[in-house]
Amino acid sequence: MSNKEVKAALKSARDAIRNKEYKEALKHCKAVLKQEKNNYNAWVFIGLAAAELEQPDQAKGAYKKAIELEPNHLLAWQGLANLYEKPNQIDVKGDLADVYQKLLELYESGDKQKWCDVCNKLVELYHQEKKYLEVAETWQKLIRMKQEEGAEKAELHQLWKKMIQLLKDSTRNQDNKTGQLLLTAFEHALNSTDTVPGEDHQNLYKDFIQCLSKFPHEVARLEKACHDMMALYPTMSYPLEVLCLHFVHSGTLSEKALHCFSRLLEMDASSGPGIIGFGIKCLKEKKYKEAVESLTEGLQKTNQCPAAWHYLAEAQMKIHEHRNAVLSCNQALEALGTPEGPNLRWKNLALQLKAETLIKIADADAAEEAIKALEQIVDASSDPVVSALRGQAYLKKGLMDQASKISQELLLSHPDLAEAHALEGFIHYSQKNYEKAEKSFLNAIEKKAGTAEYHQYLGLTYWFMSDETRKDKGKALTQFLKAAKLDSYLGSAFCYLGNYYRDIAGDKSRARGCYKKAFELDETDEESGTAAVNLSVELGDMDTALSILNKVTGKARPGTAKWAWLHRGLYYLRTGQPSQAVADLQAALRADPQDSNCWESLGEAYLNRGSYSTALKSFRKASELNPGLVYSIYRAAALEQILGKYENAIATYQQILKKTENYVPALKG
């Protein structure tokens with residue numbers, strides 16, 4: 001075949017392709033290749049025809065052969081790109097990216113529009129693959145090309161905004177180079193905005209600051225951006241809110257942070273981050289109740305702030321709201337998700353605080369949960385304080401051997417650690433080895449004198465050690481006073497002070513004050529509540545007694561606070577108010593239906609009210625529960641007599657006299 005015939009065959013192949021006669025085109029090309037096996041155009045036409053005939057492997061082979069022959073000719077590269085772009089092509093995205101890269105190289109010195117089209121396609125491909133660094137670098141090349149061509153400021157602004165849009169999900173990967181390119185795009189977009197100040201510019205600034213807040217190492221840049229935005233938009237609270245949350249998360253309470261909190265609250269008194277900041281300030285100033293109130297209010301408005309939940313748990317722990325503190329720790333952990341970097345520190349802190357709080361709840365289930373929390377702390381084994389907590393959790397769960405093992409190891413490895421001596425003290429105390437416990441708690445106090453719990457336990461050790469140490473003012477009393485001074489929310493210290501003043505010093509008035517304080521701190525403390533009421537009655541102060549009882553019964557759920565209902569019911573019974581007595585004694589029985597004395601008192605209340613049949617049932621129930629209650633049996637007989645059931649009454653009187661021959665009321669009956 002002559003040169004002229006080759007040209008004619010190629011023309012026929014081109015015409016056949018134009019007419020969609022792809023098989024015919026392949027015949028012409030094969031004829032050419034028999035003559036000239038390295039004919040570039042013939043290979044390109046084969047690639048094109050095979051692709052249309054859905055023979056992708058043959059098409060790919062043909063294009064690659066053409067590229068081998070002429071690496072810098074466009075046609076084969078364009079054909080290969082078209083082939084890979086077909087929807088039926090799978091696992092070719094990497095190859096397609098390489099083809100686009102070559103096309104960019106070939107178009108660079110020529111057709112700028114086609115270069116831009118391919119560049120857009122390449123960026124889209126990288127974006128689908130989540131290759132954000134490649135997206136950023138390629139898009140920057142596009143912007144540079146536009147700048148060299150003298151593009152308008154408005155067009156460049158849109159391109160920078162598009163780059164931000166493309167990279168907005170990249171912050172999850174925390175890739176530093178991509179992050180820097182994203183931040184650069186923000187800065188360029190902000191600088192190229194037409195109207196400043198203006199809505200578009202304001203929204204961009206907000207997005208920029210939000211983006212900066214996701215990069216822990218960009219603190220200085222974040223602070224600068226917030227201050228710059230505040231200067232431009234002085235009535236907007238957003239940059240201040242971000243800055244406040246940044247300070248909250250950093251865990252440091254500098255003058256700068258305090259100024260930021262107060263400035264935000266001046267601007268917007270209902271701002272969540274501002275209220276959270278004020279709550280943290282209260283916590284640091286040891287105003288724990290105010291801290292709980294502010295942090296709770298702030299978190300209702302800004303709930304995705306793990307550090308704030310941790311601070312709330314800390315404040316709740318300080319006022320011994322242990323169950324609420326556990327819930328707050330759980331909220332902190334939920335908000336953190338699967339953390340890394342600085343968030344990992346907050347996770348460890350939340351888990352440790354949760355474990356400390358659960359140990360204070362002091363039941364086996366809480367102890368088990370505490371052990372699980374401690375197991376999740378990263379590098380927990382290297383922290384002796386965490387080990388001491390684990391020892392306490394084992395002790396609360398009743399696993400004495402494990403607790404003792406940790407205690408011995410800690411005393412050997414960290415002899416100066418207060419928590420190690422305290423753990424040893426808790427173990428001795430639980431075994432009633434009070435002399436050894438005393439020594440351990442004294443050692444713990446020597447290392448860490450400001451811990452109320454150590455003084456409290458040393459006081460309890462002296463209380464149970466002997467009559468001498470209980471009565472010695474320098475022993476139990478002194479330690480309880482120190483514990484109460486160090487922790488004014490420690491209700492149990494005030495309860496034991498009440499015990500001392502009542503049982504040892506015989507000072508009812510001071511004892512009543514201590515019990516009242518203990519009960520105000522912990523309204524679930526029945527012992528303190530009951531003692532405060534009884535002493536108030538003994539001191540003739542019924543108003544105080546009733547105010548305590550009214551407060552408890554006013555808040556009590558059905559089936560709870562038996563002691564308060566019972567005490568108030570007996571008061572009403574004594575003061576001739578039988579209907580009120582009936583209502584309160586019934587409420588007490590809902591909490592404990594097996595209390596025979598309560599049934600007897602209820603019978604008395606019904607009797608005083610004139611409800612004889614119901615009174616009879618109550619006295620019978622009391623004697624069923626406790627056959628030794630002679631008074632209830634007698635009252636039942638007397639009521640049977642009143643109701644005209646004489647045979648029953650006689651039988652019941654005889655029953656009493658069998659047990660108690662000289663029981664005069666029964667003889668009279």
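The tour follows selections in turn, with a short account of each. Keep in mind that this is a predicted model.

**Stop 1**

Select residues 3-39. An unreviewed UniProt entry lists them as "coiled-coil region". In the model this span is 81% helix and 0% strand. Its end C-alpha atoms are 11 Å apart.

**Stop 2: valine 44**

Now pick Val44, in helix H3, residues 40-52. Is it buried or exposed? Valine 44 counts as buried, because its relative accessibility is 4% and the cut-off for buried is under 20%. Show what surrounds the residue. Beyond its neighbours up to four places away in sequence, Val44 touches Tyr63, Ala66, Leu75 and Ala76. Then draw a distance from the C-alpha atom of valine 44 to that of glutamate 527. The two are 483 residues apart along the chain and separated by 96 Å.

**Stop 3: the cores**

Select Met163 and Ile209. The largest nonpolar core has 196 residues, and these two touch the most other members. Stay on isoleucine 209 and display its contacts. Leaving out residues up to four places away in sequence, Ile209 touches Leu222, Ala225, Cys226, Met229, Tyr238, Pro239 and Val242. Another core, of 17 residues, lies apart from the largest one. Its members include Ala9, Ile17, Tyr22 and Ala49. As background, nonpolar side chains in soluble globular proteins tend to be buried together.

**Stop 4: histidine 157**

Go to His157 in helix H9, residues 153-167. Histidine 157 is buried, because its relative accessible area is 5%, and buried means under 20%. Which residues does it contact, leaving aside those within four places in sequence? Histidine 157 is in contact with Ala189, Ser192, Thr193, Asp200 and Leu204.

**Stop 5**

First some background: most residues other than glycine have a negative phi, and most peptide bonds are trans. The next selections depart from that pattern.

- Select Val196 and Pro197. The peptide bond from valine 196 to proline 197 is cis, with omega near -10°. Proline 197 is in the loop between helix H10 (176-191) and helix H11 (199-212).
- Select Lys286, in the loop between helix H15 (272-284) and helix H16 (288-301). Lysine 286 is not a glycine, yet has a positive phi of about 65°. Lysine 286 counts as exposed, because its relative accessibility is 60% and the cut-off for exposed is over 50%.
- Select His320, in the loop between helix H17 (306-318) and helix H18 (322-336). Histidine 320 also is not a glycine and has a positive phi of about 65°. Histidine 320 is partly exposed, with a relative accessible area of 26%.

**Stop 6: a helix pair**

Select helix H22 (residues 400-413) and helix H23 (residues 418-430). How do their axes cross, left-handed or right-handed? The crossing of H22 and H23 is left-handed. The axes come within 9 Å and cross at roughly 145°. Color the contact residues next. H22 supplies Met400, Ala403, Ser404, Ile406, Ser407, Leu410 and Leu411. H23 supplies Ala420, His421, Leu423, Glu424, Ile427 and Ser430. By class, the contact has 8 nonpolar, 4 polar and 1 charged residues.

**Stop 7: alanine 449**

Move to Ala449, in the loop between helix H24 (434-447) and helix H25 (452-465). Alanine 449 is partly exposed, with a relative accessible area of 49%. Setting aside neighbours within four places in sequence, alanine 449 is in contact with His455 and Leu486.

**Stop 8**

Residues 562-595 are 79% helix and 0% strand, with end C-alpha atoms 10 Å apart. Residues 596-629 are 82% helix and 0% strand, and their end C-alpha atoms lie 8 Å apart.

**Stop 9: serine 618**

Finish on Ser618, in helix H35, residues 612-625. Serine 618 is buried, with a relative accessible area of 3%. Leaving aside neighbours within four places in sequence, serine 618 is in contact with Trp599, Leu602, Gly603 and Tyr606.

Terms used: Residues are numbered from 1 along each chain as its sequence is written. This is a predicted model: local features need pLDDT of at least 70, side-chain atom pairs count only at pLDDT 80 or more; totals for chains, interfaces and linings use all residues. Side-chain values use heavy atoms; hydrogens and water are left out. A nonpolar core is a set of buried Ala, Val, Leu, Ile, Met, Phe, Trp, Tyr and Cys residues joined through side-chain atoms within 4.5 Å. Buried means under 20% relative accessible area, exposed over 50%, partly exposed in between (1.4 Å probe, protein chains only). Contact means heavy atoms within 4.5 Å. UniProt positions are given in the numbering used here, feature names are shortened, and annotations may be inferred rather than shown by experiment. Helices (H or I, at least four residues) and strands (E, at least two) are DSSP runs, numbered from the N terminus. Axes are lines fitted to C-alpha atoms, for helices over the stretch in contact, and angles run from 0 to 180 degrees between N-to-C directions. A crossing is left-handed if the near helix is turned anticlockwise from the far one by less than a right angle, and right-handed if clockwise. Ala, Val, Leu, Ile, Met, Phe, Trp, Tyr, Cys and Pro count as nonpolar, Asp, Glu, Lys and Arg as charged, and the others, Gly among them, as polar.
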